[in-house]
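Student: Could we go through this structure together, one question at a time?
Tutor: Gladly; here it is.

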Amino acid sequence: MNPLQRTAHVHEHAFSLSAKSAELDALGAWRSLERVQQPTWPDEDERAAVGARLRSAPPLVFAGEVDQLRSRIAAAARGEAFVLMGGDCAETFADSTADRVRNKIRTILQMSAVLTYGASMPVVKVGRMAGQFAKPRSGDTETRDGVTLPTYRGDAVNGYEFTEESRTPDPHRLWQMYTTSASTLNLLRAFTTGGFADLREVHAWNQGFISGPGYMRFERLATDIDKAVRFMAACGYDFDALRSVEFYAAHEALLLDYEEALSRIDSRTGEIYDCSGHFLWIGERTRQVDGAHVDFLSRVDNPIGVKLGPTTTVDDALRLIDRLDPDRTPGRLTFITRMGASRIRKVLPALVEGVRDSGAQVAWVTDPMHGNTITSSNGYKTRRFEDILDEVTGFFEVHRGLGTVPAGLHMELTGDDVTEVLGGTGEIDEVGLERRYETLVDPRLNHQQSLELAFLVAETLAGA
Ligand code: PEP
Ligand code: CO
């Protein structure tokens with residue numbers, strides 16, 4: 001390159017960089033749009049100061065990983081893999097401990113082993129983890145015994161305790177969301193690459209659990225996997241690939257102050273990524289096509305999801321596709337449907353058909369949790385395990401009927417032995433809910449219920 005060419009090259013580079021930083025500035029366009037579910041921070045200067053600190057902090061995930069997940073989801077949308085997404089409804093700072101995080105990872109690894117082995121299908125493992133700290137709520141305030149306070153919007157915003165001090169939104173919690181996500185991701189990376197996730201440890205994952213049909217079934221499967229692995233090893237295969245697994249982090253991109261502050265330009269490609277997590281989704285309550293959340297996520301390159309409830313029209317879906325995936329990039333857009341067991345067979349077919357007929361290819365994932373929430377007679381927000389199974393079954397039936405691809409499952413689960421969802425072989429009844437109901441927001445499948453569900457899905461996939 002002669003000096004002149006070099007100068008021209010440098011100028012061009014400088015130009016494209018400034019064009020890119022203009023794009024980064026444009027990420028803030030959501031601020032002038034209709035926005036819902038955002039906290040009212042008491043002090044705007046304080047919020048801006050935390051935002052500036054987050055802007056200069058290292059990214060939590062890296063563009064190369066995000067691109068890889070996009071290609072994995074694209075494979076799932078073609079029917080060549082299956083996405084398994086799961087974790088808490090709301091993570092909390094207090095529960096982001098090594099034990100709790102490990103238990104959740106183990107649950108997802110076990111479900112994934114069941115699916116991979118049972119359905120001979122690669123599983124794309126995604127935790128609702130390391131960032132799931134903010135919640136949309138149906139009301140802005142909550143009243144107890146005549147006292148009205150702001151609702152709990154997740155640990156990223158305010159405290160659960162019902163006092164004025166705790167319920168007042170505090171922007172410093174956004175910083176704590178960042179540091180807690182970082183420590184969770186650190187564990188996640190350690191557990192999934194440091195030997196814990198090695199398929200040869202498949203029996204060890206089951207250790208320490210009380211005997212129950214879910215566990216016994218898993219033990220048998222682990223024995224089969226062991227045999228298969230030993231057979232392959234005897235044939236001379238190299239099993240380094242089994243030592244580590246790919247595991248991605250996902251959360252609802254709800255707090256746009258945070259998501260914007262974690263967005264970065266990738267130095268390799270010049271694309272903009274929201275580096276708070278690999279996969280981000282827009283909730284049922286924030287998917288207004290001209291609203292702030294859709295605008296923001298249209299400007300970042302991550303694979304993204306949109307939750308679709310039973311009132312979604314084909315037109316809504318097509319407009320979301322045009323806004324969020326104008327280039328029809330494989331793996332870019334996932335529709336996570338959450339219709340409810342009683343409605344999925346009625347409402348999903350038209351939606352899937354409308355999208356298919358438009359020529360767009362999205363990954364269809366089912367969330368069998370959020371359309372099936374009820375209140376038990378003793379006052380617990382809960383779900384019936386049979387409704388969850390029924391919605392999953394309905395999801396597969398609809399796709400089989402249309403010849404389209406069921407690409408994955410999105411669940412609320414925990415690795416612990418909680419009692420929040422009714423039923424399952426543990427036969428949790430309404431009184432049983434009182435035993436160990438710990439969630440701050442939505443009820444989660446416990447460890448055994450999660451395994452049971454995985455076996456059902458594996459059978460359905462294998463029969464598909
Ligand atoms: C959630 O995933 O916890 C949630 C609030 O879901 P939805 O937006 O589908 O109601
Ligand atoms: Co939830």
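Tutor: Let us begin with a term: buried means under 20% relative accessible area, exposed means over 50%, and partly exposed lies in between, with a 1.4 Å probe and protein chains only. This is a predicted model, in which local features need pLDDT of at least 70 and side-chain atom pairs count only at pLDDT 80 or more, while totals for chains, interfaces and linings use all residues. Residues are numbered from 1 along each chain as its sequence is written, chains are lettered from A and ligands numbered from 1 in the order in which they are written, and side-chain values use heavy atoms, leaving out hydrogens and water.

Student: Which residues of α3 are buried?
Tutor: Helices (H or I, at least four residues) and strands (E, at least two) are DSSP runs, numbered from the N terminus. Under the cut-off of 20%, the buried residues of α3 are A63, V66, L69, R70, I73, A74, A75, A76 and A77.

Student: What span does helix α3 reach from its first C-alpha to its last?
Tutor: The expected span of a helix is 1.5 Å times one less than its number of residues. Helix α3 covers residues 63-77, which is 15 residues, with an expected 21 Å. The model comes close to that value, with a reach of 21 Å.

Student: Which residue just after α3 takes a positive phi?
Tutor: Look just past the end of α3 for a phi of about 90°. The residue with that angle is G79.

Student: How are α2 and α6 oriented to each other, roughly parallel or roughly antiparallel?
Tutor: Axes are lines fitted to C-alpha atoms, for helices over the stretch in contact, and angles run from 0 to 180 degrees between N-to-C directions. Angles under 35 degrees count as roughly parallel, over 145 as roughly antiparallel, 65 to 115 as roughly perpendicular and the rest as oblique. The axes of α2 (residues 44-55) and α6 (residues 172-193) come within 8 Å and cross at roughly 20°. The two helices are therefore roughly parallel.

Student: Which residues make the contact between α2 and α6?
Tutor: Contact means heavy atoms within 4.5 Å. From α2 come E46, V50, R53 and L54, and from α6 come H172, L174, W175 and Y178.

Student: Which residues coordinate the cobalt ion (ligand 2)?
Tutor: Donors are N, O and S atoms within 2.8 Å of the metal (3.2 Å for Na, K and Ca), and water is not among the atoms, so sites may look incomplete. Along the chain, the donors follow the spacing C-x280-H-x41-E-x29-D. At 2.1 to 2.4 Å, they are C89 (SG), H370 (NE2), E412 (OE) and D442 (OD).

Student: How many residues apart are C89 and E412?
Tutor: C89 counts as buried because its relative accessibility is 0%, and E412 is buried with a relative accessible area of 0%. C89 lies in the loop between β1 (82-87) and α4 (98-119), while E412 is in strand β14 (residues 406-412). The pair links distant parts of the chain, 323 residues apart.

Student: Is S120 buried or exposed?
Tutor: S120 sits in the loop between α4 and β2 (123-128). Its phi is near 45°, a positive value in a residue other than glycine. At 64% relative accessibility, S120 counts as exposed.

Student: Which residues does L187 touch, leaving aside neighbours within four places in sequence?
Tutor: L187 is found in helix α6. The residues in contact with L187 are T97, A98 and V101.
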